[in-house]
Number of protein chains: 2
Amino acid sequence: MTHPVTRQLHAMHDAVNSNDLTALQTLYCEDAFLVDKPRVSSRSDLQRALSAFKQRYMPEHIVSQGDEVVIEAGDTALVISKLYLNATGAVDCNVKKAIYVFRKNAEGEWQCAIDNFFGVDLIDYV
Amino acid sequence: MTHPVTRQLHAMHDAVNSNDLTALQTLYCEDAFLVDKPRVSSRSDLQRALSAFKQRYMPEHIVSQGDEVVIEAGDTALVISKLYLNATGAVDCNVKKAIYVFRKNAEGEWQCAIDNFFGVDLIDYV
């Protein structure tokens, strides 16, 4: 059975690929953090932050998802997921091991609280 | 200023090094997950699980901590931390990039909800 968090993660990447910022908004917690480098900073406007992020790192790419692990502890879940950034015309793609934290809200829906595309490499950036 | 989560993480590793299982118990959430391979599984008895884990991976080692990043989103925090496993008499030490999720409890104390020593490598184990 597919974990509900996996479905949410797929929905996030579908929304990124189709530029559906309204859908993205519903998939993140109100107090979510989108990690960017060189610094870890809060977001005041998720739509703006996500658009800027996409423009910077994946302007003409399709994001797809590979192997993943979901570790659930109560209303908190840690997700480690392989992400593939597929550039138009390129044979190879850039692989990241991204880290997410999801939180279950009062309605029982999982939302993304922390989105860390850079994975453990973040240690070496900050 | 040291993040409260950093202090808790240091306390966890001090407790591991000194075999203080009682202290460890207070540092983890009631529903915490200790990740072991090859499978991600729940823990029914944290003391037993932690002892078995230490015996298997670091029987005669001192654990110390290097660079780390704490990303806080409301009552949830993601931590990425370099861990050094120092074996007696060895010049080099084994370096891991561990991943933790902490949750703030009703008393405002941060406790470990998910302890993933294996970091993103876990994807390749499961």
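This is a predicted model: local features need pLDDT of at least 70, side-chain atom pairs count only at pLDDT 80 or more; totals for chains, interfaces and linings use all residues.
Helix α1 of chain A, covering residues 4-17, has 14 residues and reaches 20 Å from its first C-alpha to its last, close to the 20 Å expected at 1.5 Å a residue. Within α1(A), the buried residues are V5(A), T6(A), L9(A), M12(A), H13(A), A15(A) and V16(A).

The helix is followed by N19(A), whose phi is positive, and this residue is found in the loop between α1 and α2 (21-27) of chain A. The phi value is near 55 degrees, in a residue other than glycine. Most residues other than glycine have a negative phi. N19(A) is exposed, with a relative accessible area of 54%. In chain B, N19(B) likewise lies in the loop between α1 and α2, has a positive phi of about 60 degrees although it is not a glycine, and is exposed at a relative accessible area of 53%.

## Overall build of chain A

Chain A has four helices and five strands, and from the N terminus on its elements run in the order α-α-β-α-β-β-β-β-α. The radius of gyration of chain A is 14 Å, close to the 14 Å that the globule rule gives for 126 residues, so the chain is as compact as a globular protein of that length. Taken along the principal axes, the C-alpha atoms of chain A fill a box of roughly 45 × 35 × 30 Å.

Of the 126 residues of chain A, 47% count as buried. Among the contacts in chain A with a separation of 6 or more, residues 24 or more positions apart account for 47%. L34(A) has its place in strand β1 (residues 28-34) of chain A and is buried, with a relative accessible area of 9%.

## Helix α3 of chain B

Helix α3 of chain B comprises the 12 residues 46-57, which at 1.5 Å a residue should span 16 Å, and the C-alpha atoms at its ends are 16 Å apart, in agreement with that expectation. The buried residues of this helix are L46(B), A49(B), L50(B), F53(B), K54(B) and Y57(B). Seen down the axis of α3(B), these buried residues fall within an arc of 130 degrees, so they line one face of the helix.

The face turned away from the buried side of α3(B) carries the exposed residues Q55(B) and R56(B).

## A98 in strand β4 of chain B

A98(B) lies in strand β4, residues 94-104 of chain B, where it is buried with a relative accessible area of 0%. Leaving aside residues up to four places away in sequence, A98(B) touches V79(B), I80(B), S81(B), L83(B), N116(B), F117(B) and G119(B). The C-alpha atoms of A98(B) and Y28(B), which are 70 residues apart along the chain, are separated by 16 Å.

## Cysteines

A disulfide is a covalent bond between the sulfur atoms of two cysteines. A search of the whole structure finds zero disulfides over all chains. For C29(A), the closest cysteine sulfur is that of C112(A), and because the two sulfur atoms are 7.0 Å apart they are too far from each other for a bond.

C29(A) is buried, with a relative accessible area of 5%, whereas C93(B), at 31% relative accessibility, counts as partly exposed.

## How the two chains are related

Two copies of a chain are related by a rotation about an axis and a shift along it. Here chain B can be laid on chain A with an RMSD of 0.0 Å by a turn of 180 degrees and a shift of 0.0 Å along the axis. That is the relation of a two-fold axis.

The interface can be compared in the two copies as well: 100% of the interface residues of chain B are also interface residues in chain A, so the copies meet through the same surface.

Conventions. Residues are numbered from 1 along each chain as its sequence is written. Chains are lettered from A and ligands numbered from 1 in the order in which they are written. Side-chain values use heavy atoms; hydrogens and water are left out. Helices (H or I, at least four residues) and strands (E, at least two) are DSSP runs, numbered from the N terminus. The expected span of a helix is 1.5 Å times one less than its number of residues. Buried means under 20% relative accessible area, exposed over 50%, partly exposed in between (1.4 Å probe, protein chains only). The arc is that of the directions from the helix axis to the C-beta atoms. Copies are superposed by least squares on the C-alpha atoms of residues with pLDDT of at least 70 in both. Contact means heavy atoms within 4.5 Å. A disulfide is a pair of cysteine sulfur atoms within 2.5 Å. The radius of gyration is taken over C-alpha atoms; the globule rule is 2.2 Å times the number of residues to the power 0.38.
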